[in-house]
Amino acid sequence: MSLSVVILAAGQGKRMVSDLPKVLQPLAGRPLLAHVVDTARQLRPDAIHVVHGHGGERVREALPDAGIQWVLQAEQLGTGHAVRQAMPAIPDEHIVLVLYGDVPLVRAATLASLVDRAGASSLALLTAVLPDPAGYGRVIRDTTGRVARIVEHKDANHKELAIAEVNTGLLAAPASRLRRWLSALGRDNAQGEYYLPDCIVAAVRDGVAVEAVVASSATEVLGVNDKLQLAEVEAALRRERATELMRAGVTIVDPARVDIRGEVQCGRDVTLDINVILEGKVRLGDGVRIGPNCLLRDCEVGARTVINANCVLEASAMGADCVIGPFARMRPGNRLADGVHIGNFVEVKNSVIGAGSKANHLSYVGDTDVGAKVNVGAGTVTCNYDGAKKHRTTIEDGAFIGSGTMLVAPVTVGADAVIGAGSTITKPAPAGKLTLERARQQTVDNWKRPSKKPG
Ligand code: UD1
Ligand code: CA
């Protein structure tokens, strides 16, 4: 059967106390809504409609990718009203799956089973049994155990508030019937809103079977309404992703202190120490070890490479058997061959570094092509920027750059050349020779050190 997904994302989220619309609040570094859209896509629906309103422009800009039908809900009159805005674009014979932009951890498999249970004369509703149901709508079942209606927390009486089974908000229903139920909704309730869950009563009245699918885990259906719940959901996702990696053989020193915010692929015997953050696409080869407090974004790390503590590495590829850090910074665009050492307080940007080369201390290597077996001494700076344009530096195989050297680009240091410490190199340094640029050292014999007058 054809499937249309409707994601509700128009609410302001007052309880967030934030200028950022609720569905753009970040979870694992991405907007809540992006997680929901990704999960919806896994079902390969015919269309995804996102109902937006509050912070409209910003919400659309945050998800620029094609394939979303944006539906505007100019005034937020409730979840039922929100779904109604999407209905004109949905054909009668479709199944409509309603998702909430603020319920981000729901699994595709759960949604697939909801869709499976919905049909021309059945509605499937995702419920959950929560240890603390406060705030959620409660599921009211009749004496035979069938779902009869949902009562919102604010509308519930004492007895109803004691019910632990809650409405997750997610449901799947036939479009033709849903259209009718939605247009008949009233707003005579505590919040004066058109409640989507009131469609359940209409369904029961129409003789449509209401199938309750009880979520297998409570975390999957957690709604995010405030910063506390946002942190809970972040922790649940952190735990889940760390668990996946540990099952795949990764050693994680403390799963509560590792953040996997992207797609991570690991080889065998990878170790992650505490406070490691992996963002974007990260690939770690066999035996890679990452020390404490490291951020890797879009990086590829070769086998047995060690990243020591406190490194920030972005959009870079490292070969095998490299040693990086502690305190190394790689800005985007680096390719390191095997056995490269990048030490403390070294910044590398948009550079290619050959096998076995080392820059171990306090250097800036930017827009540079470094050959193999090069030694870059402490305090070397590639002066790549003239205030208007960037220029490249070339350091050929086996060169030795003495400490404190300024390499003013564009400039080339030939193979096996040696640059004397403290030089400012502006012209090509020929291969195999010592080049230095240094004022002659002098000693002034009759110089007297100034002294303060006593008293
Ligand atoms: C809703 C359900 C409640 C359920 C809970 C689960 C209703 C009336 N209540 O309550 O039964 O237990 O979710 O998390 O449906 N939205 C719009 N337009 C609107 C109003 C809301 O797009 O006019 C969107 C919000 O952006 C949000 C979602 O719908 O993504 C849910 O709205 P929210 O106000 O958070 O509903 P809850 O009070 O959590
Ligand atoms: Ca909510």
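This is a predicted model: local features need pLDDT of at least 70, side-chain atom pairs count only at pLDDT 80 or more; totals for chains, interfaces and linings use all residues.

Me: How far apart are the end C-alpha atoms of helix 8?
Reply: Helix 8 runs over residues 227–247, which makes 21 residues. At 1.5 Å a residue, helix 8 should span 30 Å. The model agrees with that, since the end C-alpha atoms are apart by 30 Å.

Me: At the start of helix 8, which residue has a side-chain oxygen within 3.2 Å of the backbone nitrogen of Leu-228?
Reply: The backbone nitrogen belongs to Leu-228. The side-chain oxygen that reaches to within 3.2 Å of that nitrogen comes from Asp-226.

Me: Which residue takes a positive phi just after helix 8?
Reply: The phi there is about 100°. The residue that takes it is Gly-249.

Me: Is Gln-25 buried or exposed?
Reply: Gln-25 sits in the loop between strand 1 and strand 2. Its contacts beyond four places in sequence include Leu-20, Lys-227 and Leu-230. Buried means under 20% relative accessible area. Gln-25 has 4%, so it counts as buried.

Me: What is the relative accessible area of Leu-434?
Reply: Leu-434 is in strand 41. With Phe-400, Val-418 and Leu-436, Leu-434 forms a nonpolar patch on the surface. Exposed means over 50%. Leu-434 counts as exposed because its relative accessible area is 56%.

Methods
Residues are numbered from 1 along each chain as its sequence is written. Chains are lettered from A and ligands numbered from 1 in the order in which they are written. Side-chain values use heavy atoms; hydrogens and water are left out. Helices (H or I, at least four residues) and strands (E, at least two) are DSSP runs, numbered from the N terminus. The expected span of a helix is 1.5 Å times one less than its number of residues. A polar contact is a pair of N or O atoms within 3.5 Å; within protein, one must be able to donate a hydrogen and the other to accept it, and residues adjacent in sequence count only if both atoms are side-chain atoms. Buried means under 20% relative accessible area, exposed over 50%, partly exposed in between (1.4 Å probe, protein chains only). Contact means heavy atoms within 4.5 Å. Patches are made of residues with over 30% relative accessible area and no salt bridge: like charges are joined within 9 Å, nonpolar side chains (Val, Leu, Ile, Met, Phe, Trp, Tyr) within 5 Å. Accessible areas come from the Shrake-Rupley method with a 1.4 Å probe; for residues, only the protein chains shown count as cover. A salt bridge is a side-chain nitrogen of Lys or Arg within 4 Å of a carboxyl oxygen of Asp or Glu.
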